[in-house]
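Here is a short report on one protein model. Please look over the sequence and the structure first.

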Amino acid sequence: MIEIICDGDENKGENSKSAKTAGIRRPKNIKQIGDVSSGKQIYIEDYAFTYINSIAYNGNPVEQAGVLLGEIQKNEQEKCVFIKGVVKAKGFDNDTGICFDEKIWKGIYSDVEKYFPNLSVVGWFAVKPQVTEQDMLQLRKIHLDNFAGNMKVMYLVDIAEKEENFYLYDKDELRRQKGYVCFYERNCEMQEYMLERKVKKSSEDANNDKVMKSIRNVIQEKEEVRIQKRNNTFTYGITALMVTAVLVTSINFLNNYQRMQNFDRSIKQLSAQMSGENENLDLNGSNDDVVSVNKLEGEVYPTTQAAETETQERTVQQPSSEVPVTEAPTKAAESSAIYTEYTVQEGDTIMSICMKQYGTIGRYEDILELNQLKDPNLLYIGEIIKLP
């Protein structure tokens, strides 16, 4: 037979043109065997194809059979059957040979439900030690009784002649097809089935058998796929946790940054308010304008609270012998007309006395003028000054 291997978009023959036909989804990686130019085409996945041949050529030439699973796609120009799974029938009677009774079908459907729940029966396969004309009549009857219908496929393996052919029922007989297409994809369901149903070694040395090597390769690849899936799942979980941690940290950082900005604005507003009320005070804590009261050696003044209170509350009036003022008194005259006496204490300055008595430094100049002080920082403990 003619064998043509195609990969991806390199298939540019009739098969490539048909791939663009709406309604049929063809695989990309394929191996064409024989002539597939007819309107009915058969596609079989490589794992399914390998499994059938492995049980056929395992060194034990006995009759075997099973069902082919997949789907049928069609459009106005052609029909295609895609074989993606295989289930071997179990429990044949050696006397009657291949048959599909109720017991056989029960076991088949149990495996289909377990391994291939999304696939449908699209045909069957038969393995014969040798195929005769009588055998073909028997196979035709089995096909009509169990697999009647358009595009139901039979795959026949003749062990003696080492021939494998596909058949379709057409015009009251099973007609051998000129070719078929083997395609490649990651068929996890078929790999799982092959792993569970791997072929036992025959009495001959099966280690050198190509089919057994193929099965071992399939099993090894299945294990690698499992390990890769587990590693990918673990990596994905770690990545998701890291992304979540970064997002949470970023959100907390932004929230804290906004709080710091709000706090900084509040401090600035408070500082601005305080600066406005005490614009003449040194906010940096500098005591340049504050001079400690000089103590006179050998002089002691009473500093009891009662004496200070009595002195502060004493009010002095101007003598009545002053010349009457005929005009309205000026502000300076008014401020010197009535005053309160204050006894200087340790640590006092004119500015601190002003803040203590009036709560503001607005009368600072008035105190200096009233007491005719040239040096506002030169005060003595016990000295009495006038307060307007």
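How many helices and strands does the protein have? The protein has ten helices and 13 strands. Both are DSSP runs numbered from the N terminus: helices are H or I of at least four residues, strands are E of at least two.

## Basis of the model

This is a predicted model: local features need pLDDT of at least 70, side-chain atom pairs count only at pLDDT 80 or more, and totals for chains, interfaces and linings use all residues. Residues are numbered from 1 along each chain as its sequence is written, and side-chain values use heavy atoms, with hydrogens and water left out.

## Overall fold

Of the 388 residues in the protein, 35% are buried. Buried means under 20% relative accessible area, exposed means over 50%, and partly exposed lies in between (1.4 Å probe, protein chains only). The accessible surface comes to about 25000 Å². Carbon and sulfur atoms account for 50% of that surface. These areas come from the Shrake-Rupley method with a 1.4 Å probe.

Contact means heavy atoms within 4.5 Å. Take the contacts between residues at least 6 apart in sequence: 73% of them join residues at least 24 apart.

## Cysteines

A disulfide is a covalent bond between the sulfur atoms of two cysteines. Here the criterion is a pair of cysteine sulfur atoms within 2.5 Å. By this rule the count is zero. C80 is buried, at 0% relative accessible area. C99 is partly exposed, at 24%.

## Aromatic pairs

The structure holds 17 aromatic pairs. Rings of Phe, Tyr and Trp (its six-membered ring) pair if their centres lie within 6.5 Å; planes under 30 degrees apart count as stacked, over 60 as edge-to-face and the rest as tilted. One of the pairs is Y43 with F82, which is stacked, at 4.7 Å centre to centre and 25 degrees between the planes. Y43 sits in strand β3 (residues 40-45) and F82 in strand β5 (residues 79-88), 39 residues apart. Both Y43 and F82 are buried.

Y51 and Y193 pair edge-to-face, with centres 5.5 Å apart and 80 degrees between the planes. Y51 lies in helix α2 (residues 46-56) and Y193 in helix α5 (residues 188-196), so this pair ties together parts 142 residues apart in sequence. Y51 is buried, at 2% relative accessible area. Y193 is buried too, at 1%.

## Cluster and charges over rings

F100, W105, Y109, W124 and F147 form one aromatic cluster.

A charge sits over a ring if NZ of Lys or CZ of Arg is within 6 Å of the ring centre and within 35 degrees of the ring normal. R363 lies over the face of Y358, 5.3 Å from the ring centre. K386 lies over the face of Y339, at 4.8 Å.
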